[in-house]
Each structure stands twice: as C-alpha cells, then as structure tokens.
Amino acid sequence: NNISDKGVKVFYIKAIDIIDAYEKFGQRIFETNVRCQIIRSPVNRKIADQIKTEKGIKEFYLLNNGLTIVANSVSLSGGKATFVKPGIVNGLQTVTTLSGEYGNLSPELKDIFKDNCYLLVRAYEDRAIEDINKLVIATNNQNKMEPRNLKSNDRTQIKLEQSFAELGWFYERKQFAWQAFKADSESWSSLENKRP
C-alpha cells in the first residue's frame, strides 16, 4: 500500500533491497544526509538486537523509524519504487546497522529476514518541501542532532572539504565522516579521485 500526495509517497520496502542498494552504491546514497554512521550508539545496538530473532525481524517495520528519502522524482509501479537521484536524509543508522548485522545472521534467519523484514519509507520529491533542513530536523530524533550537523551540506562546507583535500588534509564536514570516507572513498562524490 502507498500514500501519494503532492510529491510525497509513503510505502514499505524489503530491508534486503535497501541493504543491496547500500552495498552497490555505498556512501552515495547518504550524500544528502547531514552526518555519517555513528559507530557506537544505543539506538544502533537496539536495531541490531531487533533482528536477532524471527519475532524481532517480523516486527521490525513496526518498531523502526524507517527511511526518509529525497529524490528528483519517485514513482511506484507494479510493486516497485523507482527513484531519480535519491538521497537518504534519515535512516543512515538503520541501513548501515542492518547491513553490518545481516552478515552475522544464521542462514535460517537470513531467509526469514529476506522475506519478512520491511522498512517504512517516506519519499519526497524535491518539489514537495522547500526547506530540506526542516525535514532533517523533523525526522532525525533518535540519535541526538547537533547544530553543526545541519550545516554539513552547505556549499561553503563542501568547498572547505574540497580545498583541504587539495592540501592533503581531510576536513570532517559531516560528523563521523572520516570513518565513512576511509571505508568507502570511491563513492564520496565531493572528493572524487581523493583517497584517505
């Protein structure tokens, strides 16, 4: 089922599909997010613990905040969602934690996960919201948001990141960005052809 109104669509997707997208595209899917993976977080630990049982997997969509995605366009057809230039602005912790923990599941739990673990998705076309920061603030409330996070995607911050990179330095414009860049520098579009 889905809700579609003025460039906003709400639906469920299989968690395995977003894990596959993360493995295929890496950090690129989080480019519009204001921070990177928080390695040690009580919220992330709860996400990991939730998928350790069949019951937890099947209830995941009820207990998780889901994903907020902004894209140039979003279409739903035949049970599939298609995005043009998507970015996950909320849900990075969920996606990275699920991706990391999925590999630790038993073969039996992996099969249950593939068939039964769903995520709520709120998808916004660019035209649906004038100020993306309002959306970021409204949807990022599980792990505390710092004021600096809301400035991390400003053009000035991106230029600083690129200028420091030219000097051989890493400017951490997003919280926890250094760890994310070291893990997946090839998909860091603002630092194309730069390596840790």
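Predicted model: local features only at pLDDT ≥ 70, side-chain atom pairs only at ≥ 80, totals over all residues.
1. Helices here are DSSP runs of H or I with at least four residues, numbered from the N terminus.

2. Helix α3 spans residues 54-63 and helix α5 residues 107-116; their axes come within 9 Å and cross at roughly 20°. Angles under 35 degrees count as roughly parallel, and α3 and α5 are therefore roughly parallel to each other. The crossing of α3 past α5 is right-handed.

3. On the α3 side, the contact involves Glu54, Ile57 and Lys58, which meet Leu109, Ile112, Phe113 and Asn116 of α5. Sorted by class, this contact of α3 with α5 comprises four nonpolar residues, one polar residue and two charged residues.

4. Lys58 and Glu54 also pair with each other in a salt bridge, at 2.8 Å from N to O. The two lie four residues apart in helix α3, so about one helical turn separates them. Lys58 is partly exposed, at 37% relative accessible area, and Glu54 is likewise partly exposed, at 37%.

5. The count of salt bridges comes to eight. One of them joins the side chains of Lys52 and Asp49, with an N to O distance of 3.3 Å. Lys52 is partly exposed at 45% relative accessibility, and Asp49 is partly exposed at 38%.

6. A further salt bridge pairs Arg173 with Glu161, whose closest N and O atoms are 2.9 Å apart. This pair links distant parts of the chain, 12 residues apart: Glu161 belongs to helix α7 (155-166), while Arg173 sits in the loop between α7 and α8 (177-183). Both Arg173 and Glu161 are buried.

Key: Residues numbered from 1 in each chain as written. Heavy atoms only, no water. Axes fitted to C-alpha atoms, helices over the stretch in contact; angles between N-to-C directions. Parallel < 35°, antiparallel > 145°, perpendicular 65-115°, else oblique. Left-handed = near helix turned anticlockwise from the far one by under 90°. Contact = heavy atoms within 4.5 Å. Nonpolar A, V, L, I, M, F, W, Y, C, P; charged D, E, K, R; others polar. Salt bridge = Lys/Arg side-chain N within 4 Å of Asp/Glu carboxyl O. Buried < 20%, exposed > 50% of the residue type's maximum accessible area, 1.4 Å probe, protein only.
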